[in-house]
Amino acid sequence: MSGLYDEQAFVERESKCLGLSVLLHLFILGIMCFNFSWNTSEFEKSPPAILMVDLTNVKIADKTNLPPLIKETKKEEVKAPEVKKEEKKPEPPKPQPKKEEPKPLPPKENKTPPVKQEAPLPKPEPVKPKEQPKKEAVKVQEKKPEPKKEPKKEVKKKEPKKEVKKETPKPQSKPAPKVAPKPVPKKQNQGLQSLLASVEKVRKPANQAPSSAPASSGQTVNNGIKGGTEGSLLSDLTISEKDLIASKISSCWNVNAGVENADKMIVELRAFINKDGSVREVKILNMKSDPVFRSMAESAKRAIYVCDALKEDSPFRILANKRPEMYSSWKEIRLRMNPVDGGVY
Amino acid sequence: MKKMLLKGLLFCLILLGAGTCFAEIKIDVTGAQSDPLPFAMPVLTDDDDAEITDVVINDLERSGLFRYINPAAYIQKMKGVDMRPNFNDWQAIKAQVLVYGSVKESMGKTTVSFRIFDVFAQSELYAKSFTADSSAWRKLAHMVADSIYERVTGEKGYFDTRVAFIDERGNQMNRIKRLAIMDQDGANLTYLTDGKDLVLTPRFSPNMKEVTYFSYKDGNPKVYLMNVNTRESTLVGNFKGMTFAPRFSPDGKKLIISLSGRGNSDIYTYDLVTKKQTQLTNHPSINTSPSYSPDGKQIVFNSDRSGNQQLYIMNADGSGVHRISFGEGTYATPVWSPRGDYIAFTKIRHGQFHIGVIKPDGSGERLITNGFLVESPSWAPNGRVLMFYRKAPSRSDGTGGDARLYTIDITGYNERQLITPHSASAPAWSPLLH
């Protein structure tokens with residue numbers, strides 16, 4: 001009896017221990033979730049979240065190209081219906097007579113002109129299909145830069161019907177004829193053929209993509225290699241790119257010469273850059289009460305805006321033109337600025 | 001349990017490591033331009049009377065740190081102090097700083113109100129209003145200039161200051177030297193002595209009420225003290241021998257002077273309250289040109305105790321003498337900067353005079369200007385600018401020519417002549433007046 005009692009006690013203890021371990025694990029995971037928010041300083045709050053997305057995507061793409069492509073095709077498929085819905089509206093007006101649609105539309109515009117400002121824009125589309133969708137696309141890009149650009153660019157270049165047709169029938173039609181003739185002459189090696197077929201199924205999406213890329217989905221292939229959503233394998237700019245930006249900013253920075261201990265002054269800034277390369281905001285990260293340092297920091301901040309005012313020669317605009325795919329990386333740039341050459345180390 | 005904790009810790013470390021992997025783009029920028037800052041300043045007054053505006057602009061431009069943009073380029077017309085600037089208009093003319101405001105006069109009082117804007121950051125830096133008697137309008141203008149200078153550069157201004165100097169007239173054989181003071185821009189010139197006696201090396205007291213100087217009054221070369229308001233002068237101390245090279249201590253309670261006798265000279269202090277004389281150096285060599293550090297704890301002077309004239313520093317009680325200059329040539333007239341980081345000096349090398357600066361520890365010696373005769377450096381109260389006099393001979397034998405006052409930035413740039421009616425030498429810059 002005592003032995004059974006001991007066993008029961010042991011089992012109870014074990015179950016308690018397991019429960020404790022589970023609770024402890026959950027507790028530790030919980031701490032991990034909150035840990036980063038504790039440690040983040042004022043200027044480290046936002047960027048990690050942004051960069052985390054990029055780096056994880058890069059890692060996946062580094063190992064294989066398949067997952068991101070599959071994910072993207074899925075994304076496209078998901079997006080496809082949205083495009084169809086949008087495109088269905090402009091499509092009918094083309095074949096349909098112009099007299100029918102414009103007539104009902106203008107009265108709607110007149111009825112509610114102030115409330116729906118966007119509404120009149122899609123309505124004139126049928127009348128001038130090529131120009132008006134572009135205007136829409138530009139406007140929408142400004143509001144929602146990242147996700148909606150790609151599908152709309154496709155809309156601009158090619159009509160949606162063709163894309164949908166090319167993407168959907170290819171995987172369906174091509175495997176069908178290739179798989180069908182092969183099994184007919186060779187019925188004996190069905191196992192091997194089935195294996196080959198499965199391999200082809202896996203290979204074809206990857207192989208077909210580049211071949212069909214120029215025609216239909218060139219952008220998706222590039223994005224796939226880069227990691228699925230956006231960004232490239234490199235999460236950082238090259239040294240030469242950094243040097244270019246640094247030298248440009250240096251030329252924009254006007255400092256009062258002869259400042260005492262200028263070589264020891266390092267101004268830290270965070271520049272928030274828009275996707276078009278314009279400067280949205282500049283924050284001084286290490287402002288001090290010393291008036292000399294304050295003036296130095298303000299002049300550094302001013303330098304960023306002065307550079308921004310150079311328009312096309314602005315280092316950030318150059319970045320936007322040359323590395324638009326890395327926007328998530330350079331939309332916030334941390335700058336350490338010292339007025340004395342070689343002062344920052 | 002221990003294993004579980006270890007696993008938990010390991011997991012934590014992995015997560016932390018992953019977190020730190022996500023680095024943002026960091027760019028180091030080293031080096032900057034040092035061009036004068038372009039600023040725009042519409043006329044402050046409603047009418048065309050631009051005197052106050054002109055004084056402000058003149059002050060800022062002479063500093064070498066600001067460049068005035070011609071008002072003909074202005075797109076936006078600013079009226080009054082409460083108007084909102086259109087930053088695009090000012091960015092278009094590449095103004096980095098915008099100053100605008102108004103001047104109002106009533107009941108014999110003048111009020112200057114102004115705002116300073118950072119044009120590119122589109123932010124207001126400063127807004128202030130000064131009121132004073134209308135007769136002191138130049139002082140008001142200098143105060144506005146000081147405010148702009150201080151807010152933009154972060155350093156103290158030096159425009160509301162005065163300069164004491166020796167005004168010289170007549171030929172070499174019959175030279176008349178008078179003690180004079182004027183504003184730092186040359187305005188409001190006043191003579192303190194009538195020219196009967198030779199005067200040299202004037203120095204302002206920290207409170208600006210007195211001037212100490214060296215004079216051959218009554219054929220007795222001594223150091224004197226003059227009240228600037230009453231023009232009354234008194235002999236300093238009862239020293240046996242010639243006293244010269246006087247300066248005030250930073251607190252204004254003492255004078256430090258050189259006393260010549262027995263073939264050498266030593267440094268003494270003279271307490272203006274207790275009249276007590278204290279000898280600081282006791283060396284058979286020449287020890288002269290003493291100057292206090294801004295905190296009053298140390299004194300720099302020159303001495304030929306090593307064989308040729310070099311710079312030395314000692315404690316305020318005369319202890320701890322050590323040499324700080326080891327360069328070629330001879331060093332003279334050291335003056336400690338008001339901000340303490342440099343000591344200005346005159347150096348004679350290869351038959352040329354130089355004005356230079358050196359750090360109190362003897363490092364960082366730099367010569368910032370030179371000439372046939374450049375002498376008597378004096379610091380602006382912010383320690384950024386030096387004033388000195390320069391004399392070029394008019395004849396090939398090295399005689400003749402006029403001495404003129406010049407200012408120069410300690411970087412060695414922006415050397416500018418200060419216009420005086422006659423030949424001028426031995427300048428001494430006053431502390432800031434406001």
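Predicted model: local features only at pLDDT ≥ 70, side-chain atom pairs only at ≥ 80, totals over all residues.
Guide: Two strands pair if DSSP finds at least two bridges between them; helices (H or I, at least four residues) and strands (E, at least two) are DSSP runs, numbered from the N terminus. In chain B, strand E2 (residues 37-40) pairs with E3 in the parallel sense over three bridges. Within this pair, B:Leu37 stands opposite B:Phe66 in E3(B).

Visitor: What is the order of the strands in the open sheet of chain B?

Guide: The five strands run E3-E2-E4-E5-E6, with mixed pairing. Strands E3 (66-68) and E6 (123-133) of chain B stand at the edges; each has a single partner strand, so one side of each lacks a neighbour in the sheet. On average, neighbouring strands are turned by 25° against each other, direction ignored.

Visitor: Which strands does H2(B) touch?

Guide: Contact requires C-beta atoms, placed from the backbone, within 7 Å. Angles run from 0 to 180 degrees between N-to-C directions, with axes fitted to C-alpha atoms, for helices over the stretch in contact. H2(B) packs on the sheet against E2, E3, E4 (97-106) and E5 (109-118) of chain B, and its direction makes about 140° with that of E3(B). Helix H4 (residues 137-153) of chain B also packs on the sheet, touching E2, E4, E5 and E6 of chain B, at about 160° to the direction of E6(B).

Visitor: Is B:Val56 buried or exposed?

Guide: A residue is buried with 20 or more other C-beta atoms within 10 Å of its own, exposed with 12 or fewer, and partly exposed in between. B:Val56 is buried, since 29 other C-beta atoms lie within 10 Å. B:Val56 belongs to helix H2 (residues 51-62) of chain B. Not counting residues up to four places away in sequence, B:Val56 touches B:Met41, B:Ala141, B:Val144 and B:Ala145.

Visitor: At what angle do H11 and H12 of chain A pack?

Guide: Helices H11 (residues 239-252) and H12 (residues 291-308) of chain A pack at about 105°, with their axes 8 Å apart. Angles of 65 to 115 degrees count as roughly perpendicular, under 35 as roughly parallel, over 145 as roughly antiparallel and the rest as oblique. H11(A) is therefore roughly perpendicular to H12(A).

Definitions and conventions. Residues numbered from 1 in each chain as written. Chains lettered and ligands numbered in written order. Contact = placed C-beta atoms within 7 Å.
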